[in-house]
Amino acid sequence: MTTNRIYPIDDVLVEFYFDGKKIDTYEGSGFHNIEEAIHSAYDSSERRNVNIEDYVFSVTNLADHTSARYRVNAGGNIKILPEE
């Protein structure tokens, strides 16, 4: 299994899912970890009217094409979701 790690030089794609439907995407770089990428994507989105905990985020490192799905729990921590 390949770990989804990101480095500041990597381009990262973050996709937002709500009720199983992709509703938004964000691309950026300069992130030191997955949490920074997710929060940056959420903070720059026009969809902040929905609680961050209600989204599923797919984070893809475009440099090595690894990806994983994440949720933000009630404590504000990022949790990886099992693959479907």
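This is a predicted model: local features need pLDDT of at least 70, side-chain atom pairs count only at pLDDT 80 or more; totals for chains, interfaces and linings use all residues.

Let me start with a quick one: does Asp19 count as buried or exposed? At 69% relative accessibility, Asp19 counts as exposed. The cut-offs here are under 20% relative accessible area for buried, over 50% for exposed, and partly exposed in between, with a 1.4 Å probe and protein chains only.

Residues are numbered from 1 along each chain as its sequence is written, and side-chain values use heavy atoms, with hydrogens and water left out.

OK, the overall layout. The protein chain has one helix and five strands, and along the sequence they come in the order β-β-α-β-β-β. When I say helix or strand, I mean DSSP runs, H or I of at least four residues for helices and E of at least two for strands, numbered from the N terminus.

Now the overall dimensions. For 84 residues, a compact globule would have a radius of gyration near 12 Å, and the protein chain agrees with that at 12 Å. That radius is taken over C-alpha atoms, and the globule rule is 2.2 Å times the number of residues to the power 0.38. Along the principal axes, the C-alpha atoms fill a box of roughly 30 × 25 × 25 Å.

How much of the chain is buried? Buried residues make up 33% of the 84. The protein chain exposes about 5,400 Å², with carbon and sulfur atoms supplying 45% of it; those areas come from the Shrake-Rupley method with a 1.4 Å probe, and for residues only the protein chains shown count as cover.

On contacts, meaning heavy atoms within 4.5 Å: take those between residues at least 6 apart in sequence, and 43% of them join residues at least 24 apart.

Charge, for those of you thinking about columns. There are 8 positive and 15 negative side chains, and the centres of the two sets lie 5 Å apart. Lys and Arg count as positive, Asp and Glu as negative, and His and the chain ends are not counted. Each charge is placed at NZ of Lys, CZ of Arg, CG of Asp or CD of Glu.

Now the aromatics. Rings of Phe, Tyr and Trp (its six-membered ring) pair if their centres lie within 6.5 Å; planes under 30 degrees apart are stacked, over 60 edge-to-face, and the rest tilted. By that rule we get six aromatic pairs. Take Phe16 and Tyr55: their ring centres are 5.4 Å apart and the planes sit at 85°, so this pair is edge-to-face. The pair links distant parts of the chain, 39 residues apart, with Phe16 in strand E1 (residues 12-18) and Tyr55 in the loop between helix H1 (34-44) and strand E3 (56-61). Phe16 is buried at 0% relative accessible area, and Tyr55 is buried too, at 1%. Then there's Tyr26 with Phe31, where the centres are 6.4 Å apart and the planes at 50°, so that pair is tilted. Phe31 is buried at 7%. Ring pairs also link Phe16, Phe18, Tyr42, Tyr55 and Phe57 into a cluster.

Let's look along strand E3. Ser58 sits in that strand and is buried at 10%. Skipping its neighbours within four places in sequence, Ser58 is in contact with Leu13, Val14, Glu15, Tyr17, Ala68 and Arg69.

Over in strand E2 we find Thr25, which is partly exposed at 43%. Thr25 touches Leu13, Val14, Glu15 and Phe16, again not counting residues up to four places away. Thr25 and Thr60 are 35 residues apart in sequence and 11 Å apart C-alpha to C-alpha.

Last stop, backbone angles. Most residues other than glycine have a negative phi. Asp19 has a positive one, near 55°, and lies in the loop between E1 and strand E2 (21-28). His65 also has a positive phi, about 65°. His65 is in the loop between E3 and strand E4 (66-72) and counts as exposed at 63%.

That's my tour, so over to you.
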